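Q: Please take a close look at one part of this structure, and then place it in its wider setting. Keep it brisk and give the numbers.

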Amino acid sequence: MVVTPVHEATGLRGAGGADVLLADGRIAVVRRLRADDGDGVHALHDRVSDESLRLRFFAAGARSAAHRYVDHVLAQPDQLTLVAEIGGRIVGLATSELVDLDTSEIAFLVADEMQGSGLGTLLLEHLAAAARDKGVRHFTADVLLENRKMLRVLDDAGFDVRRRIDHGEVIVDIDTGMTAALQTAVDDREAYAEAASLRPLLRPASVAIAGVRADGTGVGAAILRAVLEGGYHGAVTVIHPRARSLQGVPAVHSISELDGGAVDLLVLALPAAGCVDLLEQGTGRVGAAVAISSGFGELGGDGVQLQGRLALAARRSGIRLVGPNCLGVICNDPQVSLNATFSRAMPPPGGLAVASQSGAVGIVLMDLARRLDLGVSCFVSLGNKADVSGNDLLAAWRSRVQGGSPTALRQSCSPPARSPSPASWQATWTRPSPLRLAAATPSPSRPPTRSRSTGRSRVWCAPASGRPRSWPTCSAPGRRGRGPSLSWCNRCARAPRSPSASCATRSSGPSSWWEPAASTSMCGTTAPGCCRR
């Protein structure tokens, strides 16, 4: 998912606004106020409680004054005003009115049911980013002394804040400039929100599979067998238009017939158009979806448009989407034990969390991990990345990986938009969870095609100390040899002490993997089963 960076939020990604993640993982949109938002903003002021209006407008019985203020805001199209919406309904308003050339007075109103979700903080972040580009360097806000929730939002957002008290009101002055402390606070909030948003994907309590053939053939049936043979601990259901049971698993005709009316993870192995139709039924019923199906953006032309429809259906339904055109997902936590791929070989549980853009590379890596007894906690095949990206997973893993090593293997590699280089990740990704990225760059002698990546790989590593470095690896196909430090302990997946290790990356297809030598991967621990035991 592309969450607009705070320092790039001025345009708010055009008229559609910026997609943001709330603290509980829900998706909201922050955008500029439009002329046709009058009914929605008035409705927001009608829905909130009398107490919320009193705290906002400093007077009891302020509902009529609130509506007059809405009319005032709507009559000022040049004023910087943002709204937040979920499912097309406005649930938050942020206003900024100039008081001099570089200072604005700000005010917020958030729907009662959304308070505590982080929405006020997100509105403040985006309001500050938009104001900076207008030359506004300072915000000022008058807050009632008893309005502790709003004061906490302003204090904890990460901005430089100064307070003074005047007759029961707190005058808060805020510098809108981007600082290291603000960026750290934003990163921490994003990691927390990503972890919450991707929980149905990374730790699903229930799984439904659509596209299982009754005769047992095809990708859908293979995924169902893998789920069952992998010993998944949650509830499994098949969505099928006619059958009532497949492979001993109960089947339903639609998402609405699911037990409890909802499911954490929906696996789609349907024809491309069918994936779109099914996701449109998932509003409020599906947490995350993995689209195994092909026939989307990788084909170009109509496939690109169909992928756009799939992503839009997921976004409107509040569903996090992996794929399409991907291998699937493995959740190797012993309490989950989910293999939602069409590969039946499961690596042992461990500390390595892997995101791979290429399904073929993912198959080879999981087989290699199994043969080397390399512990894997989680594997996600990203495919076309219509929604969930490697950056989303890295943010989520940052808040949950303990003692492991998140690794991303990608055909194209770039840090998050707000980070100019992998060096900026060093402060975040350190031991015991070092970050490793590997990406293929085009070979000058063999340009990449739509179906195959060729060329020289580059490895990015964020170590515990010193500057992150990148190393080019040998591009000779099918060779085995020493390479740069893309390595880990085979048992615990901790960072190696030795900078010399065999490189586990490819150069020109799955056959070109360099297999790591266990003897050179040393984590420096004394835990049983580890390389330094």
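A: V212 sits in the loop between β9 (206–210) and α8 (218–229). The model is predicted, and every value below is computed from it. Is V212 buried or exposed? Its relative accessible area is 2%, so V212 is buried. The cut-off for that label is under 20%.

Which residues does V212 touch, once those up to four places away in sequence are set aside? The list is G220, A221, L224, V238, H240, L246 and Q247. Three of these names, G220, A221 and L224, carry numbers inside the 218–229 range of α8. L246 falls within β11 (245–246). Q247 is 35 residues from V212 in sequence. In space, the two C-alpha atoms are 9.7 Å apart.

Now the sheet next to this loop. β9 belongs to an open sheet of seven strands. Their order is β11-β12-β10-β9-β13-β14-β15, and the pairing is mixed. Strands of a sheet pair through backbone hydrogen bonds, either parallel or antiparallel. β9 and β13 (residues 263–268) take the parallel sense, over four bridges.

Next, helix α10, which spans residues 302–317. S317 lies in this helix. S317 counts as buried, because its relative accessibility is 7%. The side chain of S317 reaches the backbone oxygen of A313 at 2.9 Å. Apart from neighbours within four places in sequence, S317 is in contact with L279, E280, G282, T283 and G284.

R309 is also in α10. At 45% relative accessibility, R309 counts as partly exposed. With neighbours within four places left aside, R309 is in contact with V276 and D277. R309 and F296 are 13 residues apart in sequence, and their C-alpha atoms are 10.0 Å apart.

Then the nonpolar packing. The largest nonpolar core holds 50 residues. Within it, F108, L123, F139 and L154 have the most contacts. Helix α4 (residues 119–132) gives the most to this core, with eight residues. What surrounds F139? Leaving aside neighbours within four places in sequence, the contacts of F139 include S96, S104, I106, L124, L127, A128 and A131. V172, D173, I174 and T176 are also in contact with F139. A second core is separate and has 39 residues, among them V290, I292, V329 and V336.

Last, helix α3 (residues 63–74). This helix has twelve residues. Its span from the first C-alpha to the last is 17 Å, close to the 16 Å expected at 1.5 Å a residue. A66, H67, Y69, V70 and V73 are its buried residues. Why do these five fall on the same side of α3? They cover an arc of only 155° around the axis, so they share one side of the helix. The elements covering the buried residues of α3 include α1 (38–47), α2 (50–57), β3 (80–86) and β4 (89–100).

Technical notes: Residues numbered from 1 in each chain as written. Predicted model: local features only at pLDDT ≥ 70, side-chain atom pairs only at ≥ 80, totals over all residues. Heavy atoms only, no water. Helix = DSSP H or I, 4+ residues; strand = E, 2+ residues; numbered from the N terminus. Expected span 1.5 Å × (residues − 1). Buried < 20%, exposed > 50% of the residue type's maximum accessible area, 1.4 Å probe, protein only. Arc of directions from axis to C-beta. Contact = heavy atoms within 4.5 Å. Core = buried A, V, L, I, M, F, W, Y, C linked by side-chain atoms within 4.5 Å. Polar contact = N/O pair within 3.5 Å; in protein donor to acceptor, adjacent residues only side chain to side chain. Pairing = 2+ DSSP bridges.
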